[in-house]
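Trainee: I am new to this structure and would like a close look at a single part of it, namely the pairing of charged side chains. Could you take me through that slowly, and then show me what surrounds it?

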Amino acid sequence: MLDQDEAERLEVEAVNSAKLRQPLYVARKKVFPKRANGQFRRFKWIVMAITLGIYYLTPWLRWDRGPFAPDQAVLVDLEHRRFYFFFIEIWPQEFYFIAGLLMMAGIGLFLITSTVGRAWCGYTCPQTVWVDLFLVVERAIEGDRNARIKLDEAPLSFEKLRKRLAKHVIWLVIALATGGAWVFYFTDAPSLLPDLLRGTAPAVAYVTVGILTFTTYTLGGLMREQVCTYMCPWPRIQGAMLDESSLTVTYNDWRGEPRSRHAKKAAAQGLSVGDCIDCNACVAVCPMGIDIRDGQQMECITCALCIDACDAVMDRTGRERGLISYATLSDYNANMALATGGGTHAIEPTLVHGPNGRLSDRIAHFHLRKIFRPRTFIYFGAWALVGVAMLYGLLSRERLEISVLHDRNPQYVLLSDGAIRNGYTVKLLNMVPEKRTFTLSLSSLPGATMSVVGMDGKEGTSFSIPVEPDRPHTLRVYVKQPAEQLRPGGTDFRLHVSEENGPEAADYTATFIAPEKR
């Protein structure tokens with residue numbers, strides 16, 4: 001006979017072998033989530049309305065930047081390589097502002113996840129929002145959970161075909177509107193829409209709309225929870241962001257077990273039962289099709305609809321709310337220790353919800369103490385630091401730039417009078433949407449003068465240069481130094497540009513090259 005250690009070893013090997021044989025991908029089992037009602041469902045409606053409103057309506061907002069700039073409030077102008085966001089204009093060389101926004105988004109996601117779990121996934125992720133929208137259409141046409149299950153199992157009929165066709169047509173319209181709204185961010189929306197409808201828009205616009213229509217329809221309508229489970233990396237990353245003080249949707253089995261559908265009969269027989277009546281209401285409303293009572297699972301997006309469903313059941317059965325609630329691991333362990341006789345203190349069962357479903361001041365203070373801990377302070381500090389640096393950069397940036405490129409071949413030209421001339425390509429960048437005149441001047445090079453091509457061959461140390469709004473202006477500039485002032489090798493000098501009748505100015509240190517003495 002095998003001893004106990006050997007038997008346990010063989011059992012572990014068998015379990016591991018079974019896990020290895022499990023497929024990496026499981027064919028989709030249709031999920032028919034029931035509509036939930038409650039505070040979290042209402043909050044999701046509000047978030048969905050706000051996020052969809054922002055996405056669809058933003059390209060149509062106007063912002064007056066004057067006659068020389070587009071008036072679309074949010075615009076990614078690929079043709080002129082600009083990004084407009086209301087009063088902010090970002091040029092290609094200022095892409096670090098976009099990088100800063102991405103850094104803030106990433107750190108903010110870490111901060112939110114470490115405090116309230118996968119709130120991004122449950123409320124504001126585009127996949128979640130559009131799946132919610134598609135489910136609204138599905139319920140309106142096919143009915144709620146039981147009606148949809150019955151329709152799915154029914155044989156093909158005219159009524160079934162009519163409902164399915166209507167649902168998919170509306171889904172495609174929503175997907176088409178999604179793709180159409182996206183392309184409006186890259187060109188003037190009121191101008192592009194008629195071109196799209198007439199078939200005269202650029203081919204790239206139709207290709208983009210087609211791709212986004214297909215992906216929105218497929219991911220939001222056909223794949224749904226499969227996207228979160230198999231395509232999104234965040235469920236696998238979030239584990240590193242959570243700790244024992246992170247709020248997550250939790251089934252308090254210390255209170256709910258043992259569950260029973262016949263609690264009164266069990267009580268009459270002297271049996272101990274928990275508050276869970278095994279009604280499966282939490283399972284029925286879950287958009288991911290999981291049972292929260294099985295513990296924390298990768299598929300859970302913490303949308304909290306199971307809390308609404310369970311609270312409604314608790315109200316009907318005269319029990320306290322909070323059987324399923326937002327709770328931290330430390331709270332759960334404390335209550336479990338008390339329930340099993342292993343502890344002397346626990347949090348009240350109404351940790352998240354008061355008797356009337358509202359947060360009490362005492363409980364809210366307790367959670368704030370949990371949320372504000374060293375880890376969240378570090379995340380918030382890093383997030384705020386990036387934000388302050390970007391704000392300072394925006395407020396202090398100049399709207400005038402100068403760049404200079406020295407001719408490489410030849411580096412200098414010997415003139416008939418012995419003077420040396422160097423050629424330069426000078427770019428003046430006017431970064432405001434209005435025409436301005438700049439003064440370009442030369443200094444720090446003894447005896448030197450300059451001439452600008454197109455300025456009637458005049459020589460001097462200063463020239464007035466008009467520059468069109470929101471445009472770079474390129475100049476060919478020649479700098480000449482007389483023979484008696486020459487210094488062999490390279491000599492640094494300064495090109496200064498300043499706004500006439502304005503405060504802005506910029507400098508560039510260039511190099512004048514003369515031949516070595518023989």
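Mentor: Lys163 forms a salt bridge with Glu159, and the closest N and O atoms of the two are 3.8 Å apart, in what is, please keep in mind, a predicted model. Both Lys163 and Glu159 belong to helix α7, which covers residues 158-183, and they sit four residues apart, about one turn of the helix. An α-helix has 3.6 residues a turn, so residues three or four places apart point the same way. Side chains of opposite charge can pair when their charged atoms come close. The two partners can also be described by their accessibility: Lys163 has a relative accessible area of 19% and is buried, because the cut-off for that word is under 20%, whereas Glu159, with 36%, is partly exposed.

From here we can turn to other pairs. By the rule applied here, the count comes to 35 salt bridges. One of them joins the side chains of Arg62 and Asp71, with 3.1 Å from N to O; Arg62 is partly exposed at a relative accessible area of 33%, and Asp71 is partly exposed as well, at 35%.

Another salt bridge brings together the side chains of Arg82 and Asp470, at 4.0 Å from N to O. This pair links distant parts of the chain, since Arg82 is in strand β2 (residues 82-85) while Asp470 is in the loop between β12 and β13 (471-481), 388 residues apart. Arg82 is buried, with a relative accessible area of 8%, and Asp470 counts as buried too, at 1% relative accessibility.

Salt bridges also join into a network, which links Lys30, Glu138, Arg139, Glu142, Asp144, Arg148, Asp152, Arg164, Lys167 and Arg224.

The loop that holds Asp470 lies between β12 and β13, and β12 leads us to a sheet. Four strands form this open sheet in the order β12-β9-β14-β15, with antiparallel pairing. Its edge strands are β12 (462-467) and β15 (505-514), each of which pairs on one side only, and the twist from one strand to the next averages 25 degrees. Strand β9, residues 436-443, pairs with β12 in the antiparallel sense over six bridges, and within that pairing Ser441 has Ser462 of β12 as its bridge partner. Strand β14 (residues 489-499) contains Thr491, which counts as buried at 11% relative accessibility. Leaving aside residues up to four places away in sequence, Thr491 touches Leu445, Ala510, Thr511 and Phe512.

Just after α15, Gly318 takes a positive phi of about 75 degrees.

Definitions and conventions:
Residues numbered from 1 in each chain as written. Predicted model: local features only at pLDDT ≥ 70, side-chain atom pairs only at ≥ 80, totals over all residues. Heavy atoms only, no water. Pairing = 2+ DSSP bridges. Helix = DSSP H or I, 4+ residues; strand = E, 2+ residues; numbered from the N terminus. Axes fitted to C-alpha atoms, helices over the stretch in contact; angles between N-to-C directions. Buried < 20%, exposed > 50% of the residue type's maximum accessible area, 1.4 Å probe, protein only. Contact = heavy atoms within 4.5 Å.
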